[in-house]
Amino acid sequence: MKEVGLVARSTPTDTYIIAYEVPQVASYLYSEAGNLKVVMVVTGVEAVDEAFTRVFDSKEAEMMAKYARASGALKIVVRASPVVDLTTRRRPQTPIPPRTPVYVASKEILEEAFSICYCAFTGLYSDSPLSSWVRIGVLRSHRDVEVKVNVDAILSKHLAVLGSTGSGKSNLVAVLVDRIASLGGQAIIIDSHGEYSDMDFASKDVKLVHFEAKVNPLKVSPMVLASTLIPEAAATKQRNLLRKAIRELNSLYAKSGSERAEAEKRIAELVREANEELEVEVEDTSGRRYLKALYALIMKMRDSRDSRLSSIKRDVFDSILLKLEKSIVEYDVYSTDVVDPVDLLEPGTVVDVDVSLLPDAARDEVVSYICRQALQRAMAGELLPTLIVVEEAHLYLRSDSNSAAKQAIERIAREGRKYGVGLVIVSQRPKGIDPNVLSQINSLCVLKIVQPEDQAYVKQYSEWMTDEMLAALPTLERGEAILLGEWVRMPVAVLIDKHEGKKRGVTTSSVKKWLKGKRDREAKLKEVLEEEEMIRRAEEVF
Ligand SMILES: Nc1ncnc2c1ncn2[C@@H]1O[C@H](COP(=O)(O)OP(=O)(O)OP(=O)(O)O)[C@@H](O)[C@H]1O
Ligand SMILES: [Mg+2]
């Protein structure tokens, strides 16, 4: 092993090393003294020139600079935290004696250290089988040493994946759900960009179910549906009228038994009336039929002789109609016969809930519905342990919001542990996430983070993050991350495996696309010119 320095001062939790070489923050060192065989993780590196720090004035500084350049008298102080003693197989209890040599930990030492840690020396997750430790990558400092994480820890105490855009968050999610499904587990991804829809898995036994999220208007409250259709804050009067119509229509849909046929006839009539008025040519889906029936009901209210309604100005109704028309034409996000995505879960399945096409309020509603359903069923003992991944979590978990989605996600963060519903929140804007949610989350994957405010936020809510590790965050490359918390036994800097089966969301070169476009256009032009030339020649011949 390569010697890198000597211990200068130490406590059981901190070792200061005078080093000859500069190790990477979050890499591992090793030291032996007597019975102690200690593996340490580097938490800080400082380079000082002691003589320089005692300089008084600029003249002296100039002289010192010449001397320093000539002698290279630099002192490197490395701070490292002992993580495991290979002799006792526990956290080290005694300080490493000063002047003990320190080495870069070898592959063999690291493998031994990680194998101890994976056996859970604190007793936490001690009943986890070995297979609950799944590989997600290799050590950043030793690419031949595997890094595994504990799936039980994610399921019971949740995970946050934080990093700038393009840092590799979704790739990690792909790796993780792939491994989990291969274990016979199941997961739902709230896919805010529709980027997992055609993902291929490493194992043939794993199944991806793509689910284009829709809102079932019969399952959400009339108030929520009205504000989804008319989100403008000032439009209270419009929303109240719409709510009235929604209630009326829902009671028609709810009719059963002998009244059912009559109700269906009435709905069909409403749809026909709306069609006559609207004259739009879009596929007649169940969701559109619902909205059209609503449209007809609002028309009726507008033209009614009801004295309470006739005092309302016609343009209030007209603007409701306009918004309904817009919803009917622009997107098909409602469905009265939509399946429940939670029903699609089974062992070895990943359900990709694509919410990318939904308007904000509808997306919120879908997320809230799924989270509530999953927790309720788990509480009733009807659901196997399930992971719920929320991509772009800042969309739902803002501090100043009290949306239904936020409440439902928060509840899983608080109570999911007891029922086997694990949460993974993924975000590029950590500071946009309510601290109450993050404080419930026990494991952390921090990728490259550049913004100081985001870094400060991560530091504030994770007890394991040292200032030095924080300082290393902007230097992480794509796919490199620091893993902290219960899912790993010690803080670890990792290079995450690349998921080969995830094709969307991949960073592509825009310039490459432009150049290809240019080449294609030129080739086409050349083809046309050649064809013209051929015709001209042919004409000359005849
Ligand atoms: N561990 C890795 N090894 C190699 N390439 C990676 C790795 N992680 C991510 N990449 C590549 O980096 C690009 C961005 O990755 P990814 O989509 O996971 O980033 P992201 O953090 O989710 O970004 P966004 O915030 O925009 O969603 C992709 O092209 C992906 O293939
Ligand atoms: Mg992403």
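To sort residues by class, Ala, Val, Leu, Ile, Met, Phe, Trp, Tyr, Cys and Pro count as nonpolar, Asp, Glu, Lys and Arg as charged, and the others, Gly among them, as polar. With those classes, the shell around ligand 1 splits into 2 nonpolar, 11 polar and 3 charged residues. Please keep in mind that this is a predicted model.

**Around ligand 1**
- There are 16 residues around ligand 1, and G168, K169, S170, N171 and G479 come nearest.
- Helix α5, residues 169-182, gives the most to this shell, with 3 residues.

**The barrel**
- In the barrel, 6 strands close up in the order β1-β2-β5-β4-β3-β6, with antiparallel pairing.
- On average, neighbouring strands of this sheet are turned by 40° against each other, direction ignored.
- Strands of a sheet pair through backbone hydrogen bonds, either parallel or antiparallel.
- Strand β2 (residues 15-19) pairs with β5 over 5 bridges in the antiparallel sense, and T15 stands opposite A80 in β5.
- Between β4 and strand β5 (residues 75-85) there are 10 bridges, again antiparallel; here E46 stands opposite V77 in β5.
- Strand β3 (residues 28-33) runs antiparallel to strand β4 (residues 36-48), and 6 bridges join the two.
- One of the residues to look for is S31, whose bridge partner in β4 is V38.
- The hairpin of β3 and β4 has 2 residues between the strands, and G34 takes a positive phi near 60° there.

**The open sheet**
- A sheet of 11 strands stays open, with mixed pairing and the order β8-β7-β17-β16-β15-β9-β14-β13-β10-β12-β11.
- β8 (146-150) and β11 (207-212) stand at its edges with a single partner strand each, so one side of each is left without a neighbour in the sheet.
- From one strand to the next, the twist averages 30°.
- For a parallel pair, look at strand β9 (residues 159-162) and strand β15 (residues 443-446), joined by 4 bridges; A160 stands opposite L444 in β15.
- Helix α12 packs on the sheet and touches β10 (186-191), β12 (349-354), β13 (386-390) and β14 (421-427), and its direction makes about 165° with that of β13.
- Helix α13 lies across β13 and β14, running at about 145° to β14.

**Helices α12 and α13**
- Helix α12 (residues 360-379) and helix α13 (residues 404-419) pack at an angle of about 20°, and their axes are 8 Å apart.
- Angles under 35 degrees count as roughly parallel, and α12 and α13 are therefore roughly parallel to each other.
- The crossing of α12 past α13 is left-handed.
- Among the α12 residues that meet α13 are V367, C371 and L375, while the α13 side includes A408, I412 and Y419.
- This contact has 11 nonpolar, 2 polar and 5 charged residues.

**Helices α6 and α7**
- How do helix α6 (residues 222-229) and helix α7 (residues 236-254) pack, and what is the angle? The angle is about 125°, with the axes 9 Å apart.
- α6 and α7 are therefore oblique to each other, and α6 passes α7 in a right-handed crossing.
- P222, M223, L225, A226, S227 and L229 in α6 meet R239, L242, R243, I246, R247 and N250 in α7.
- By class, the residues of this contact are 7 nonpolar, 2 polar and 3 charged.

Key. Residues numbered from 1 in each chain as written. Chains lettered and ligands numbered in written order. Predicted model: local features only at pLDDT ≥ 70, side-chain atom pairs only at ≥ 80, totals over all residues. Pairing = 2+ DSSP bridges. Axes fitted to C-alpha atoms, helices over the stretch in contact; angles between N-to-C directions. Parallel < 35°, antiparallel > 145°, perpendicular 65-115°, else oblique. Left-handed = near helix turned anticlockwise from the far one by under 90°. Contact = placed C-beta atoms within 7 Å. Near = placed C-beta within 6 Å.
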